[in-house]
Amino acid sequence: MPLASSALSDPILSCTDVGYTFKTRGGRRALDAVSFSVNKGEIFGVLGPNGSGKTTLFRLLSTLVPLSEGAVRLAGFDYPGDVAEARRHFGIVFQSPSLDKKLTVAENLSTHGHLYGLHGAELRDRIDALLERFALTSRRRDAVETLSGGLQRRVEVAKSLVPQPALLILDEPSTGLDPVARRELWDYLRALRRSEGLTILMTTHFLDEAEWCDRLLVLDRGRRVALDTPEALKRAVSGTVLTLRTKTPDAASFIDRIAAEFRLTPVLRGEETLELELPAATSPEAERDLLNGLLRRYRPQIAGLELAAPSLENVFARLTGRAFDSVESADEAAPDETQNG
Amino acid sequence: MFTLTHPFLLAVGTLTRREIVRFLRQRNRVVGALATPLAFWFMIGSGVGSSFGSGTGAGKATDATAYLHYFFPGTLLLIILFTAIFSTISIIEDRREGFLQGVLAAPIPRAAFVLAKLLGGTLLAFGQCLLIYLIALNFGLPFSIPACFLFTGTVFVLGLSLTALGYLIAWPLDSTQGFHAIMNLFLMPMWFLSGALFPLAGSARWLQYLGQANPLTYGLALIRQALEPGLALPANCPPALLSGGVTLGFAALLLWAAIEITNRLSVRNP
């Protein structure tokens with residue numbers, strides 16, 4: 001849900017021309033002049049396939065990698081000048097868990113609180129409230145290593161909220177979670193946004209997850225290719241999308257035949273999947289004719305036929321000229337060995 | 001529980017506590033840290049001592065007990081070394097498990113993390129040595145307050161040095177295998193060449209030089225002196241003042257280097 005325009009005047013996080021070049025690996029450009037701002041109370045997604053630069057962006061925002069190009073301003077504090085102050089204002093959920101598995105749930109939270117200068121009754125109350133909110137109260141004395149993956153992720157999020165951050169940054173929070181746990185995590189995040197006015201920025205390579213964000217920054221090969229609401233992005237891809245699945249992994253062999261017979265340009269999306277983008281002006285009758293035509297001609301070979309509104313996958317393909325999941329990066333790692341000043 | 005509410009002390013306190021809690025929750029570490037040196041002491045001490053054949057056992061003491069006596073300070077040094085190694089290996093784990101990321105992104109100076117790591121290892125080593133010291137007192141080790149002060153002070157400073165040394169080795173590494181290689185190549189020889197196993201005085205000239213250049217030689221000399229009746233300086237030991245100076249200087253240098261290396265390098269991720 002888009003926010004009221006009054007909030008737009010007061011971004012909680014703004015990035016201007018942020019760039020990053022790997023010092024090793026032949027000086028590859030990981031991020032190139034990326035600018036955006038995140039408004040208070042919004043769920044902001046950074047979408048991109050592996051190697052798009054989103055993890056590098058996350059590392060820069062989380063201050064683990066020093067900012068060398070561009071400017072970042074968080075809750076009124078600039079990187080790298082006021083970085084110590086800025087660190088007080090965001091909570092971070094890393095992709096690889098940052099919990100101590102030998103410690104209990106409550107111990108992890110209190111250790112984290114101490115690192116942010118919290119102590120005593122204030123910290124205890126805060127921890128109690130968070131455990132309650134995340135339905136972890138009954139597990140507070142359990143060692144983290146005994147919890148399931150979904151529960152550990154919940155503890156992770158609870159931990160990052162102990163210092164009451166204004167902005168929560170999450171790096172691919174759903175990675176490794178099953179669909180139920182993923183949905184549950186999202187319910188918690190939405191509830192937090194509602195009750196505490198928390199602003200959330202997350203990187204993701206799940207397209208369905210990206211649809212749940214208020215706004216999306218789409219990255220490809222280190223560049224910003226789009227920034228808008230998921231709805232607006234999808235409107236940019238006109239018309240409807242027809243997906244055809246074949247019974248045998250030879251979808252490629254249909255491309256030329258379909259192109260010739262139906263005057264469309266099918267795009268290969270996998271060994272068994274073809275995609276046809278129908279122009280916006282296509283009438284329902286024309287759609288019906290197309291479906292009938294395809295069925296008449298190829299029924300024995302067709303495993304599935306789906307007519308749907310464009311997905312973010314189509315948006316990505318349109319924006320970059322490549323399929324989202326075909327972008328296999330030779331180099332998806334983020335900066336790690338950099339010298340820090 | 002914490003009355004130390006200054007953010008820096010709070011951070012050091014909580015991270016030190018974590019080190020100790022982690023240690024106590026891993027029973028194999030507790031057993032390994034205590035049993036291994038004791039086993040070393042008895043096996044090497046009894047075995048090597050009885051095969052020396054040229055001991056100077058006075059009265060009814062046999063050669064074997066004389067060597068056990070000689071080897072006891074070396075055992076304590078070994079305990080400190082083992083604990084230091086185990087506690088600093090956990091840096092590599094912290095990085096792999098990701099705990100370190102959360103600490104480094106927190107609004108505390110990195111020195112707090114370093115100090116906590118070193119203090120954690122030091123306190124563990126200190127506790128173990130104290131325990132064994134108490135056992136030894138029970139078995140007739142002469143007690144005096146100055147000797148106790150010298151002993152505890154030396155053990156603490158040595159613990160700090162060795163955890164800092166382990167930290168310096170572990171910080172740039174990304175695998176525990178790498179750490180073991182360096183440990184065998186570097187830390188264990190340091191222990192051998194400190195005079196822990198055999199007096200360096202009677203050995204080859206080059207070994208003596210290496211021993212003199214080894215800072216642990218001086219720490220061990222202090223422990224040895226603290227365990228002698230009336231703080232007598234054992235034969236072939238460097239003077240106490242020199243030993244104290246080298247031990248303190250070594251600790252200060254390594255502590256500084258550990259903080260420096262942590263401030264320079266950013267975190268490495270899996």
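Two residues are taken to be in contact when heavy atoms lie within 4.5 Å. The structure described here is a predicted model, in which local features need pLDDT of at least 70 and side-chain atom pairs count only at pLDDT 80 or more, while totals for chains, interfaces and linings use all residues. Residues are numbered from 1 along each chain as its sequence is written, chains are lettered from A and ligands numbered from 1 in the order in which they are written, and side-chain values use heavy atoms, with hydrogens and water left out.

A:Thr204 touches A:Val46, A:Leu47, A:Gly48, A:Lys54, A:Glu172, A:Glu209 and A:Ala210, leaving aside residues up to four places away in sequence. This threonine is found in strand β8 (residues 199-204) of chain A, where helices (H or I, at least four residues) and strands (E, at least two) are DSSP runs numbered from the N terminus. A:Thr204 counts as buried because its relative accessibility is 0%; buried means under 20% relative accessible area, exposed over 50%, and partly exposed in between (1.4 Å probe, protein chains only). The side chain of A:Thr204 also reaches the backbone nitrogen of A:Phe206 at 2.9 Å.

Seen as a whole, chain A has twelve helices and 14 strands. Its C-alpha trace spans about 75 × 45 × 45 Å along the principal axes. Of the 341 residues of chain A, 50% count as buried. Among contacts in chain A with a separation of 6 or more, 70% come from residues 24 or more positions apart.

Chain A is divided into domain 1 (7-234) and domain 2 (236-322), with bounds that come from an automatic or database domain assignment. The centres of the two domains of chain A, taken over C-alpha atoms, are separated by 37 Å. Their contact takes 15 residues from domain 1 of chain A and eleven residues from domain 2 of chain A. The size of an interface is often given as the accessible area lost when the parts come together. Between domain 1 and domain 2 of chain A the buried area (accessible area, 1.4 Å probe, that two parts lose on being put together, summed over both) is about 1,000 Å², of which carbon and sulfur atoms give 67%. A:Leu207, A:Leu233 and A:Lys234 supply 48% of the area that domain 1 of chain A buries against domain 2, more than any other three residues.

On the side of domain 1 of chain A that touches domain 2, the elements giving two or more residues are α8 (207-211), β9 (215-220), β10 (223-228) and α9 (230-236) of chain A. The interface of chain B and chain A takes 32 residues from chain B and 29 residues from chain A. Here the buried area is about 2,900 Å², with carbon and sulfur atoms giving 56%. Three salt bridges are found across the interface of chain B and chain A; in one of them, A:Asp100 pairs with B:Arg18, the closest N and O atoms being 2.3 Å apart. Six residue pairs are in polar contact between chain B and chain A (both at pLDDT 80 or more).

Helix α4 (residues 105-115) of chain A is mostly covered, with eleven of its eleven residues buried. The cover over the buried residues of α4(A) includes α5 (120-133) and α6 (149-160) of chain A together with α1 and α4 of chain B. Just after α4(A), A:Gly117 takes a positive phi of about 80°. A:His119, in the loop between α4 and α5 of chain A, is partly exposed, with a relative accessible area of 27%.

Conventions
A salt bridge is a side-chain nitrogen of Lys or Arg within 4 Å of a carboxyl oxygen of Asp or Glu. A polar contact is a pair of N or O atoms within 3.5 Å; within protein, one must be able to donate a hydrogen and the other to accept it, and residues adjacent in sequence count only if both atoms are side-chain atoms.
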